[in-house]
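Here are my notes on the model, as promised. Have a look at it first, then read through the points in order.

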Amino acid sequence: MRDLFATARRLLSICWHQNRRKTIVAVTLMIAGAVAAPLTALGLRWLIDAALEGRTTGAVLAGVTVAVLAVAALTLGHFAHIAHFELSELNVVHVDREIIRLANGSPGLAHHERADYADRLTVLRREMQQLRSSLEALLALAGLAVAMLLTAVLLAMVNPFLLLLPLAAVPPLITGRFAERMVDRAKIETAQADRVAQRLFQITTDAGPAKELRVFRLQREVLARHRALWDGVTRRLWRSHQAATLVRTVGQLCFAAGYVVCILLVVRDAAAGRRTVGEVVLSIALAAQVNQQVAAAVAQLQQFQQITNAFVRLDEVRALIDAAEPGTAPDAEPPGRLRQGIRLRGVEFGYPGAAAPVLRDVDVTLPAGTSVAIVGENGAGKSTLVKLLCGFYQPVQGEILVDGVELRRIPLDRWRSRIAAGFQDFVRFELLAREAVGVGDLPRITSGPAVSAALERAQATEVVDRLEHGLETPLGKTLPQGTELSGGQWQKLALGRALMREEPLLLVLDEPTSALDAAAEHALFERYAAQSRELADKTGAITVFVSHRFSTVRMADLIIVVADGRIVESGDHTTLVRAGGLYAELYELQAEAYR
Ligand SMILES: Nc1ncnc2c1ncn2[C@@H]1O[C@H](COP(=O)(O)OP(=O)(O)OP(=O)(O)O)[C@@H](O)[C@H]1O
């Protein structure tokens, strides 16, 4: 019950912040509409008693009152709807923003790896669709509560035993909540299968996987898996709904028994002459209303319970994110320029939920003003190392020091504003070409010259030159008249984006050129090397790149060789070749292939 009150408070506070006047109007109209119905029954009693006693003026006044109250009962709810409709829409936008903030706003990525987080988010997205009707449910419940209280007072005035009737309404309320919890449990149990089924559905409908689905003739297999999962989910949900209906019916039967007893009580009093005809009519009218009030309250409570669950889930997701990223209060600033460099000391890291660490005993210094290449076989841990440098995850053990200051002491958003990055799994921003590049440095997104300069640095000018409207060309299929690019062209724009920031302390390039041919990559990195030397003079910046192409790697000042989560060798190209270790072996293999 405490949850319900907390949700009511939360919902009203959101409304209050959105629009106070509309909130007051909606609450007042809804409550006035709800109490009009029991007052109509009271008016009927006056009307009948006055008419039977021959008091014409009293009867006319009572008749007019009944008519006014009946009109109010029928219409005020609709007027309230006009006020709360807009509030509901605003609430949906407010909570949608909150979910987006939760899913993307946290500085790290750790919570994205957690299945329990993903499960809760799946259920949450669905439940939040109820938000539109939840305000109406809350206002209806508030109106019903006042109306039920008034009805109870009026019934007690006729015969205190009639209070049994509202009391008989308690079992259906309890069973209603119990039933709702049963359904909720089933939803959580099926959330994982539901999520996988949704992912499969996405695979069959998205353009990206369409080619492989057809070539490998996977449509049937995917559909069969989707159906199996979906059947399991609906079976479990269906069973829980059946059980919930049974529980609710038991509660309703309790109320029906109380109703019959109360009506018999009033009829017996009337037969004995202890009650007027007006009072009998009042009791029967009120008893019928109690029936409707209870049914409406149970239905609205179910609706309201769902949104309560959603809010509880929202808090759980927030708690999971906080637990995934325990914050040490940041108290340092990134340096204006790097003097010593970045040092990883005894770093160990494992992804959340994974049994074994991905990186172990990582001890290395990336000196200020150098270019550093990270090499190693697939799955060795290169990208993970890069993610740690960007602060997407925190090491489980050890520390990362930026000019001697622990990275976790620097606010992540401040650190991020001093790094620039291009990733293998870059985003295809379907915006104007200028914006798709300019988002790399938001304050300068509108600056054509800044974007052109970044494209020049990334040797991607020719991609934009070929576009019909140059930088102002809409890209992708989302925008009208959008131009679709090839994989390599998208990647070149992503590189331009990575080079938008002119004075980063750390430039990270995690296989950002995989869609380019070896010659293009080589030319590009030669330019990068020159630029990073310039940058190094200005800010002591470190350029870290991950590549499988040794023609590129050999240009780096420092090469780090990662194998099975450890740094097995490091040094420059000549030293490593001379050492005759893993690097020399991998280099020789690739060199042979090109001979
Ligand atoms: N998000 C993740 N959750 C759990 N495990 C992950 C995740 N990302 C990577 N891993 C695991 O961590 C290990 C190292 O992955 P990483 O991406 O760092 O390798 P890599 O050296 O960059 O490989 P590649 O050359 O193929 O890109 C792999 O065994 C991988 O399965």
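1. A word on contacts before anything else: two residues are in contact if their C-beta atoms, placed from the backbone, lie within 7 Å. On that basis L389 is in contact with I342, I400, L506, V508 and V544, leaving aside its neighbours within four places in sequence.

2. Some ground rules. This is a predicted model, in which local features need pLDDT of at least 70 and side-chain atom pairs count only at pLDDT 80 or more, while totals for chains, interfaces and linings use all residues. Residues are numbered from 1 along each chain as its sequence is written.

3. On confidence: pLDDT is the predictor's confidence in each residue, from 0 to 100. The chain averages 84, and 93% of the residues score at least 70. Helices (H or I, at least four residues) and strands (E, at least two) are DSSP runs, numbered from the N terminus. Where pLDDT is low, the predicted coordinates should not be read in detail. For the complex, the predictor gives an ipTM of 0.96 and a pTM of 0.63.

4. The overall picture: I get 20 helices and 10 strands in the chain. Call a residue buried if 20 or more other C-beta atoms lie within 10 Å of its own, exposed if 12 or fewer, and partly exposed in between, with C-beta atoms placed from the backbone. Buried residues then make up 37% of the 595 in the chain. Of the contacts between residues at least 6 apart in sequence, 78% join residues at least 24 apart.

5. Back to L389 and its surroundings. A nonpolar core here is a set of buried Ala, Val, Leu, Ile, Met, Phe, Trp, Tyr and Cys residues joined through C-beta atoms within 7 Å. The largest one has 75 residues, and L389, V508, V544 and I559 touch the most other members. Domain 2 (335-418 + 507-595) and domain 3 (427-503) both contribute residues, so this core lies between them; the domain bounds come from an automatic or database domain assignment. Another core, of 60 residues, lies apart from it and includes L162, L165, A191 and L301.

6. Strands count as paired if DSSP finds at least two bridges between them. This sheet is open, with mixed pairing and the order β6-β7-β8-β3-β9-β10. Its edges are β6 (419-423) and β10 (566-571), each pairing on one side only. For the angles, axes are lines fitted to C-alpha atoms, for helices over the stretch in contact, and values run from 0 to 180 degrees between N-to-C directions. Ignoring direction, neighbouring strands are turned by 15° against each other on average.

7. Within that sheet, β3 (residues 371-375) and β8 (residues 542-546) run parallel and are joined by four bridges. V372 stands opposite V544 of β8. Helix α11 (residues 382-390) packs on the sheet, touching β3, β6, β7 (506-510), β8 and β9 (558-563), and its direction makes about 155° with that of β7.

8. Helix α16 (residues 487-498) lies across β6 and β7, running at about 170° to β6.

9. The other sheet to look at is open and four-stranded, with antiparallel pairing and the order β2-β1-β4-β5. β2 (359-367) and β5 (405-406) are its edge strands. Two bridges join β4 (residues 397-402) to β5, and L401 has E406 as its bridge partner. α11 turns up here too: it lies across β1, β2 and β4, at about 120° to β1.

10. In β1, take a look at L344. It is buried, with 22 other C-beta atoms within 10 Å. Not counting residues up to four places away in sequence, L344 touches V362, D363, V364 and I400.

11. Finally, two backbone spots to check. D361, in strand β2, has a positive phi of about 45° although it is not a glycine. D403, in the loop between β4 and β5, has a positive phi of about 50° and is not a glycine either. D361 is partly exposed, with 13 other C-beta atoms within 10 Å; D403 is also partly exposed, with 17.
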